Amino acid sequence: MSYPNNTAAAAIALSNEWMKSWDEAEDKTPEVASEAERSCRIDGIPVNKRLFTLASEIRKVNPALKFCAAAGYSWHGAQRVFTQMYVYREGHDYVLGKIGYGDYRLRKPNYDTINKYMVASRKIQNQKVKEYNDQHYMAITDNLANAVKNACKYLVPHTLAEIADMSFHDFGKEVREQKNDAINAARSVVEKCTSVSVVKAELNNLIRLGVEFVTPEFKNAAAELFKATAEAEVEKARRIGAYFVQFRNFGSTMRVDVLTFDKNFRNDIMIGEATNSTQMAVPDLPLDIQEKIAVLSMVEDGTSVPGVGRKVSATSFWLERELT
């Protein structure tokens, strides 16, 4: 996808990394930016004046929105300033979109610069532009008030289903790979038994003595073979659906949203629609879900545990569920 679908954590980490290196470089530069230039910062990010104005006006309407640097910068005097920023909210897994001030035309025939305000969001679909172009997901205007309206209209939180869909790829891939890993493990054991030198020695011995294996490799591999192939058959037969679980604060109460998927993810590449969506109090979570979340809570974000699921963030989890 060309629209901004970065995780908020990754976007913030990259922004902080850029700011650290840029600030260190500017501290060593004799020709530093003026105080006026340095004042055009929003959430600590140096931006061009028009982008600063846009971000400031958006925040007046929605104070909960936060900003971090996105790729793209220009020079203002002696200072590098960003021309684009990601927009996010605290506690949300993904950025809501992106804002910017620059030249976003697909074609620039006269080599001139025509800068305008830009808002990018998954909610925008410009049918005049192909989906593989970033501009397909942009609303571009030279009017500040319209740009603020676009931001307030399109930079909205993701639904639970959207978050599940955006984070599904890695989880679905790993669920399918569990089966492939088991099959490949069985094949690797078979290969130990089919080495030419091992088989030749074993066959010669069988001709002479009957059933006694002479090579340790063959004897050990044969024992491993039965175990590995049995495990592979069990893994092949498993049908894996999933729960997508997300914890949210509702006032002073923590609630849990649960999407239930009955598709066999072993065979289906796409996520599909959830068969059920429920919300409940934390104590009401089924025991098997609680146990799996307890396991995933101990690992890093973006980490999977075979047979359990994948931790998307501190509040979002994919959980495997056996289908009958």
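A salt bridge is defined here as a side-chain nitrogen of Lys or Arg within 4 Å of a carboxyl oxygen of Asp or Glu. By this rule, 16 salt bridges are counted in the structure, which is a predicted model in which local features need pLDDT of at least 70 and side-chain atom pairs count only at pLDDT 80 or more, whereas totals for chains, interfaces and linings use all residues. Residues are numbered from 1 along each chain as its sequence is written, and side-chain values use heavy atoms, with hydrogens and water left out.

The side chains of Glu174 and Arg310 form a salt bridge with an N to O distance of 2.8 Å. Because Glu174 belongs to helix 5 and Arg310 to strand 14 (residues 309–311), this pair ties together parts 136 residues apart in sequence; helices (H or I, at least four residues) and strands (E, at least two) are DSSP runs, numbered from the N terminus. Arg310 is buried, at 10% relative accessibility, and Glu174 is partly exposed, at 25% (buried, under 20% relative accessible area; exposed, over 50%; partly exposed, in between; 1.4 Å probe, protein chains only). Glu235, Arg238, Arg266, Glu320 and Glu322 are joined in a network of salt bridges.
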